Amino acid sequence: MSTPESTTSSSISVAILCGGVSRRFGSEKALAMAGERPLCQWIMDRLEGVTDDMFLQMAPGATAPVDLPKHHDVDPGGGPKSGIHGALLNARHPRVFVVASDMPGVDPRLPAILARHDGVDAVVPRWANGWVEPLCALYSRAALPVLGAQLAEGRYRLSHLHDRLESVAYVDVEPLMDAGALDPDCFANINSRGELEAWMARSGP
């Protein structure tokens, strides 16, 4: 799906982070069926017009849920931070939009909105209450030294990353949603079978 707001294919890569089995969900969420498609297929279909470089960034043991190029984390064990690190190393473009494989409602306009902020290490959506969306965000290769050092130190929390990066831009999401520039369900993530059923009820077949 492409939109007038989609960024050009020469500007960013897109990495779908596949983390393997989820203890809360009881299986690999990326493989869970939402209607006739796995969750990861929803993301792939929504973002197919955004870039010429979309791939799966996979933790050890994760299963590829869709037919996309795939890479395994080069420094595994750090959860999503390992995935972001691997995505930046494997991407063809210097900036990468990363999205977790359990966020099937991601809005294809979001990468272009975030990409308007140039010259920073990361661009992260932020809610009015201060909550941020680090797994539906844009990262630059400039973040690699901090990522690599923190993985080596065993500092796996994403909040540690944003605190240490030289420059992070935050994009407030509520004004975008109020203006119709971003789908209200963009950041919905699926953590349980009940949440999957509720999302499907909202999104249709």
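**View 1. Strand β1 and its parallel neighbours.** Strand β1 pairs with strand β4 (residues 54-58) in the parallel sense over 5 bridges, where pairing requires that DSSP finds at least two bridges between the two strands, and strands (E, at least two residues) and helices (H or I, at least four) are DSSP runs numbered from the N terminus. The model is predicted, so local features need pLDDT of at least 70 and side-chain atom pairs count only at pLDDT 80 or more, whereas totals for chains, interfaces and linings use all residues. Residues are numbered from 1 along each chain as its sequence is written, and side-chain values use heavy atoms, with hydrogens and water left out. In β4, Met58 is the bridge partner of Cys18. Strand β6 (residues 95-100) also pairs with β1 in the parallel sense, over 5 bridges, and there Ala100 is the bridge partner of Leu17.

**View 2. Burial of strand β1.** Because 6 of the 6 residues of β1 (residues 13-18) are buried, the strand is largely enclosed by the rest of the structure; buried means under 20% relative accessible area, exposed over 50% and partly exposed in between, with a 1.4 Å probe and protein chains only. Ser13, Ala15 and Leu17 point one way from β1, while Val14, Ile16 and Cys18 point the other way. Leaving aside neighbours within four places in sequence, Ile16 is in contact (heavy atoms within 4.5 Å) with residues including Cys40, Ile43, Met44, Leu56 and Val99.

View 3. In helix α1 (residues 39-47), 8 of the 9 residues are buried, among them Trp42, Ile43 and Leu47. Arg37 lies over the face of Trp42, at 3.8 Å from the ring centre; the criterion is that NZ of Lys or CZ of Arg is within 6 Å of the ring centre and within 35 degrees of the ring normal.

**View 4. The aromatic pair of Trp127 and Phe187.** The count comes to 1 aromatic pair, with rings of Phe, Tyr and Trp (its six-membered ring) pairing if their centres lie within 6.5 Å, and planes under 30 degrees apart counted as stacked, over 60 as edge-to-face and the rest as tilted. The ring centres of Trp127 and Phe187 are 5.8 Å apart and their planes stand at 75 degrees, so the pair is edge-to-face. Trp127 lies in the loop between β7 (122-126) and β8 (136-140), and Phe187, 60 residues apart from it, in the loop between α6 (173-178) and α7 (193-203). Trp127 is partly exposed, at 21% relative accessible area, whereas Phe187 is buried, at 7%.
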